[in-house]
Amino acid sequence: MIDTHTHLYVDDYRPEGAPATDFSGQCAAVDRAVAAGVEHMILPGVDREAVPMMLALNDLRPQATSVTLGLHPTEVEADWQEELDEIFSHFDSGRRIVAVGEVGMDLYWDKTTADRQMQAFARQLDEARRRKLPVIIHSREALNETLEVLSDYRDVQAVFHCFGGTPEDVERIRAVSDCYFGIGGIVTFKNSHVDRSLPVIGIDRIVTETDAPWLAPVPHRGKRNESALMPLVADRIADALGLTLADVDTRTTANARQLFNLGKK
Ligand SMILES: [Zn+2]
């Protein structure tokens with residue numbers, strides 16, 4: 001299994017009172033995931049502050065983790081161009097970066113920044129195209145705007161992370177992008193309709209994720225999430241598609257290796 005979207009580098013995993021340089025809690029969370037059968041974890045960037053934290057955890061657990069670089073749509077401030085320059089300067093640090101992300105559109109929290117978000121999204125898609133990297137897309141209450149920008153980048157391989165949409169949304173996205181869909185804890189929620197979308201997406205285009213520390217799957221809903229809980233997500237996907245857990249594991253792992261160019265195991 002691969003957790004294609006997990007923020008295990010954040011402070012939430014640090015023991016209380018420990019200094020910001022202490023990554024023992026984050027390392028322990030990675031180790032628990034590996035013990036639970038999660039062989040690799042993709043750590044998505046969100047802003048300039050996230051970069052040193054991701055790199056620190058990646059240095060400590062280089063086999064189990066990979067990093068991406070990007071500016072999250074809710075973090076697109078007035079100085080976003082400078083911030084992006086700084087974030088993207090790490091492409092030249094000699095370290096392997098597996099994707100641009102997470103980027104996209106979020107009009108749930110703030111609609112007034114829509115134009116700025118669209119510009120920042122397009123600039124990051126340019127970077128992904130130039131570097132021939134996949135892009136991790138965050139889209140919340142903004143599917144029209146997301147697809148409007150993405151329609152100019154049909155050649156860029158994308159994953160819609162934390163997908164919670166309907167079968168109709170799947171079709172609309174596919175008209176613009178032959179993308180993957182990141183399925184996480186939402187699929188275990190009672191009121192979710194994403195299980196209806198899974199047969200439409202098909203196992204060939206599904207990758208698994210947790211979005212930890214958020215969106216913990218049932219029966220841990222509302223608590224701190226972590227990558228070790230990913231089997232609960234994979235199990236629900238297996239149920240919805242009438243596949244075995246082993247099948248879901250094999251297929252989604254192959255999809256994630258292909259998407260992020262991780263090579264064969
Ligand atoms: Zn995320």
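Mentor: Two strands are said to pair if DSSP finds at least two bridges between them. In this predicted model, strand 4 (residues 97–106) and strand 5 run parallel and are joined by five bridges, and within strand 5 it is Ser139 that has Met105 standing opposite.

Trainee: How many residues of strand 5 are buried?

Mentor: Strand 5 (residues 135–140) is mostly covered, since five of its six residues are buried.

Trainee: Which description should I use for helix 3 and helix 4?

Mentor: Two packed helices are described by the angle between their axes and the distance between the axes. Here the axes of helix 3 (residues 80–88) and helix 4 (residues 114–131) come within 11 Å and cross at roughly 25 degrees; angles under 35 degrees count as roughly parallel, and the two helices are therefore roughly parallel to each other. Their crossing is right-handed.

Trainee: Which residues of helix 3 and helix 4 meet?

Mentor: From helix 3, Trp80, Leu84 and Phe88 meet Arg116, Ala120, Arg123 and Glu127 of helix 4; sorted by class, this contact has four nonpolar, three charged and no polar residues.

Trainee: Is Asp211 buried or exposed?

Mentor: A residue is counted as buried if 20 or more other C-beta atoms lie within 10 Å of its own, and Asp211 is buried because 24 do so. Asp211 is placed in the loop between strand 8 (206–208) and helix 8 (230–241), and, leaving aside its neighbours within four places in sequence, its contacts include His5, Thr6 and Cys162.

Key: Residues numbered from 1 in each chain as written. Predicted model: local features only at pLDDT ≥ 70, side-chain atom pairs only at ≥ 80, totals over all residues. Axes fitted to C-alpha atoms, helices over the stretch in contact; angles between N-to-C directions. Helix = DSSP H or I, 4+ residues; strand = E, 2+ residues; numbered from the N terminus. Parallel < 35°, antiparallel > 145°, perpendicular 65-115°, else oblique. Left-handed = near helix turned anticlockwise from the far one by under 90°. Contact = placed C-beta atoms within 7 Å. Nonpolar A, V, L, I, M, F, W, Y, C, P; charged D, E, K, R; others polar. Buried ≥ 20, exposed ≤ 12 C-beta atoms within 10 Å, placed from the backbone.
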